[in-house]
Every structure is written in structure tokens, then in C-alpha cells.
Amino acid sequence: MSLTRRTLLLSAPFLLCSARGAGAAQPLIALDVWRTGNSLLCPPVLVDGQLGFAGDTTAGIIDPNRRAPLWERAHGLAGPATFRPRPAPGRMIVGGREGVVCLDPRDGAELWRHAARVQTGVPTLGEDMVVFGDGAEIVALDLATGAELWRFATTPDTLASYAPCLQ
């Protein structure tokens, strides 16, 4: 099964639908359903032609041609994953208000983890880093190792919740 722009993904359970025909009034046809260990899911993301997902308890990868997820594991965040997973070559960043975790999209192995000091905002991926807000600071981590590259203080008593822009 190939994913096209007419494919719609609904979550909890993971439901893959397609709008058949050209008109917007066409009914949705269920193509497949995958159960995950989540009651809520973030929007999915394409990871090397497969679907990366994260929810309130687990993260994983679904191959649209298989009946069960390729892998699914507890993400281990202190709370739910609240942001769409971020794909990078050999990496899938899963994040929530309590921190981010980097998983190997091939097997779900944890590559690194970073706990929030205050509250994590939406992550942005650069060529070799992941950047996000943490309370009133913007933080950059090395994408390969999770090591902190830099931290920049913004306006006190604010939360840097939105994804930073990178140039």
C-alpha cells in the first residue's frame, strides 16, 4: 500500500482511510486499522515510507503493508508525547512537555534522552541538532548524541513553547 495525498490518518486506534474519487463529498474507505498501546496519539509522520507514531504511553513504527506495528515501545517520558514525532536519518525524536527521547526508527532502541528543566516546547530539527524551548530558554542538542550544544535565555517568566526557526 502506498501513501498518497488522498490518504487520511486517524488515530487511537490508528486508522488509515482513503477518499476514493475526485469529489470532496466521497465517503472515506477504511484501508486498515492498527491498535497501539495509546488512548491518544499525536499526528503521525512519514519515516522512510513508514508511519512513525507517538502517544500518551508508547511510540512506534507502522509499515502500511503489515497487520501489526513493526515495533512499539514505551517512550518513557514522564507524561504523554504531545508533539508530532520528528524524523531524521536514523533517528525519530519523540517529545512531550517533560522532555524528548531519540529512538532508532529501525527497532525502537533508545539512542538518548533529555529531561526538561521546566517544560519542553515543540522541537525543530536542524542538519545535526534538535532545538526546542525549555521554559524561558532555547536549547540545542546534538542529534547524534543528545549532548547539549548550547542554551540561550529568552524573556524571563515565559515559556518557549513553539518550534524555533533555524537558518
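**View 1. Strands E8 and E9 of the predicted model.** E8 and strand E9 (residues 91-96) pair in the antiparallel sense over three bridges, where pairing requires that DSSP finds at least two bridges between two strands and strands are DSSP runs (E) of at least two residues, numbered from the N terminus. Within this pair, Ala88 stands opposite Arg91 in E9. This is a predicted model, in which local features need pLDDT of at least 70 and side-chain atom pairs count only at pLDDT 80 or more, while totals for chains, interfaces and linings use all residues. Residues are numbered from 1 along each chain as its sequence is written, and side-chain values use heavy atoms, with hydrogens and water left out.

**View 2. The open sheet of four strands.** The strands follow the order E8-E9-E10-E11, with antiparallel pairing. Because strand E8 (86-88) and E11 stand at the edges, each with a single partner strand, one side of each is left without a neighbour in the sheet. From one strand to the next, the twist averages 15 degrees, given that axes are lines fitted to C-alpha atoms and angles run from 0 to 180 degrees between N-to-C directions.

**View 3. The hairpin of E10 and E11.** Strand E10 (residues 99-103) and strand E11 (residues 110-115) are joined in the antiparallel sense over five bridges, and Gly99 has Ala115 in E11 standing opposite. Six residues lie between the strands of this hairpin, in which Gly108 takes a positive phi near 85 degrees.

**View 4. The salt bridge of Arg113 and Glu110.** The side chains of these two residues, Arg113 and Glu110, meet at 2.8 Å, N to O, in a salt bridge (a side-chain nitrogen of Lys or Arg within 4 Å of a carboxyl oxygen of Asp or Glu). Arg113 is partly exposed, with a relative accessible area of 36%, and Glu110 is likewise partly exposed, at 35%; here buried means under 20% relative accessible area, exposed over 50% and partly exposed in between (1.4 Å probe, protein chains only).

**View 5. A network of salt bridges.** Arg117, Asp134, Glu137, Glu148 and Arg151 are linked in a network of salt bridges, and the structure as a whole holds seven salt bridges. Glu137 and Arg117 meet through their side chains at 3.7 Å, N to O; Glu137 lies in strand E14 (residues 137-142) and Arg117 in the loop between E11 and strand E12 (124-125), so the pair ties together parts that are 20 residues apart in sequence. Arg117 counts as exposed, at 58% relative accessibility. In the salt bridge of Glu148 and Arg151 (3.0 Å, N to O), Glu148 is partly exposed at 39%, and Arg151 is also partly exposed, at 22%.
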